Number of protein chains: 2
Amino acid sequence: MNTMAPTLLLVEDDPALAELLVWSFEAEGYKVLQTPDGEEALLIATETPPDAIILDWMIEQLSGIEVCRRLRRHPELASVPIIMLTARGEEEDRIRGLETGADDYVTKPFSPRELTARLAAVMRRTRPALAGQTMRIEDLELDPVAHRVRRDGKEIALGPTEFRLLQHFMERPGRVLSRAQLVTGVWGHDSDIEERTVDVQVKRLRAAINSTGGRDMIRTVRSAGYSLG
Amino acid sequence: MNTMAPTLLLVEDDPALAELLVWSFEAEGYKVLQTPDGEEALLIATETPPDAIILDWMIEQLSGIEVCRRLRRHPELASVPIIMLTARGEEEDRIRGLETGADDYVTKPFSPRELTARLAAVMRRTRPALAGQTMRIEDLELDPVAHRVRRDGKEIALGPTEFRLLQHFMERPGRVLSRAQLVTGVWGHDSDIEERTVDVQVKRLRAAINSTGGRDMIRTVRSAGYSLG
DNA sequence: AAGCGTTGTCACAATACCGTCAATCAACTG
DNA sequence: CAGTTGATTGACGGTATTGTGACAACGCTT
């Protein structure tokens with residue numbers, strides 16, 4: 001079993017439904033943070049980013065769409081999957097929900113089983129790292145929970161950006177990622193970063209993970225990008 | 001500066017939807033050209049043929065069906081896959097769309113994921129390399145995702161142009177390609193490259209893929225071109 | 001407020017790679 | 001067998017692409 005449970009943030013203002021969902025998520029082994037309040041949800045999410053967010057469309061303080069949009073603005077949260085709960089007949093809203101960046105939606109009424117299944121699917125798709133635990137490529141390992149990186153057992157200190165960059169690589173081992181892909185994936189899709197900055201961060205990451213010795217695990221693919229593996 | 005990212009042409013006049021789709025396609029690694037205008041779409045498509053076209057049924061200037069028909073008239077574009085976006089209740093049109101040569105259709109409302117999945121399916125059919133499938137001819141294999149080429153299991157280093165050239169060959173196994181075809185296919189339609197340059201790159205590619213031993217897999221067809229197989 | 005680590009950007013250095021050419025070679029023609 | 005046409009090859013200079021060090025701005029911690 002997994003030592004660390006994936007954390008969910010549930011934003012739902014119907015107490016009965018909330019309780020039911022908390023119960024069924026916990027039965028699946030998730031740790032659940034719950035709030036009925038959109039503002040509070042934003043606070044929680046930015047402070048301790050959860051591994052996924054379940055967001056009811058109809059909540060009191062803020063509309064679900066607004067919460068969703070604000071969440072997506074944070075680069076830290078840009079890749080956290082969001083599932084929206086919509087009532088029947090909110091088809092219009094559903095579309096707009098997807099536009100603002102929700103990964104999936106579930107229409108009420110639904111069975112808890114259906115929701116957990118969707119959640120599992122979304123998590124598997126978007127964050128393979130979170131489904132399993134620490135990722136490993138040869139002697140390089142990254143623990144996303146503890147925020148630690150080791151090479152050949154020896155701890156490696158990385159800056160936040162370097163860490164995210166490495167995690168991005170390790171979630172896609174062997175794949176060549178273009179500078180543009182890395183910019184949107186690591187810095188966020190609305191970032192106005194120079195593409196050459198990727199080069200510099202790659203250089204820094206390289207220096208860090210090669211500092212303990214061993215081959216250079218990042219491959220430069222000329223006129224294409226970089227890949228790890 | 002020719003990257004190997006597959007290029008899409010998105011013809012959609014709803015700005016919100018267009019933006020969403022551009023975002024999600026780019027997240028999947030596509031390069032996206034976008035226009036709300038059918039006429040302009042035709043221009044773009046004929047000048048720089050994309051790898052696939054996403055076409056909304058309801059656009060302003062021309063009906064989607066007309067755009068589709070005109071696109072199909074160009075021999076250059078005859079094999080480019082077209083996916084139509086239709087609103088619910090346009091069943092009639094959907095059928096006529098398929099009749100006029102669309103490869104697939106997606107009914108609104110749809111999730112971006114659904115569309116990218118359909119697109120991937122269509123691309124897999126028509127351009128295996130772009131869908132990320134590794135291609136193989138005898139003991140020669142090319143992995144477009146990892147940007148790797150192997151002969152008899154042994155890795156082969158290729159320059160960017162050599163790589164694109166080989167990929168172009170492997171997508172058309174056994175076919176004799178003229179120098180002119182290779183120039184436009186590998187260097188781009190607006191390239192002012194000497195045709196003799198093709199010879200040189202073929203020589204370099206030959207040297208590379210034969211360096212591990214084995215027969216010469218590139219056949220010279222005098223006064224016609226080259227073929228791989 | 002000062003100190004520290006991190007980060008984005010720039011300018012320049014170091015390459016890898018590419019296109020062209022001219023000479024050579026091979027293939028077809030009569 | 002010459003003669004002609006087309007293909008191969010090695011060399012070379014130019015250019016596009018990447019690596020690198022420096023630096024100023026920023027945010028955190030003390």
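**Sheet and helices in chain B**

Strand β8 (residues 148-151) of chain B pairs with β9(B) in the antiparallel sense over 3 bridges. Strands pair if DSSP finds at least two bridges between them; helices (H or I, at least four residues) and strands (E, at least two) are DSSP runs numbered from the N terminus. This is a predicted model, in which local features need pLDDT of at least 70 and side-chain atom pairs count only at pLDDT 80 or more, while totals for chains, interfaces and linings use all residues. Residues are numbered from 1 along each chain as its sequence is written, chains are lettered from A and ligands numbered from 1 in the order in which they are written, and side-chain values use heavy atoms, without hydrogens and water.

**Sheet**
- In chain B, 4 strands make an open antiparallel sheet in the order β6-β7-β8-β9.
- Its edge strands, β6 (135-137) and β9 (154-156) of chain B, each pair on one side only.
- Neighbouring strands are turned by 25 degrees against each other on average, direction ignored; axes are lines fitted to C-alpha atoms, for helices over the stretch in contact, and angles run from 0 to 180 degrees between N-to-C directions.
- Val149(B) lies opposite Ile156(B) of β9(B).

**Helices**
- Helix α6 (residues 160-170) of chain B packs on the sheet, touching β6, β7 (140-143) and β8 of chain B (contact: heavy atoms within 4.5 Å).
- The direction of α6(B) makes about 110 degrees with that of β7(B).
- The axes of α6(B) and helix α7 (residues 179-187) of chain B come within 10 Å and cross at roughly 115 degrees.
- Residues making this contact include Leu165(B) and Phe169(B) of α6(B), and Leu182(B) and Trp187(B) of α7(B).
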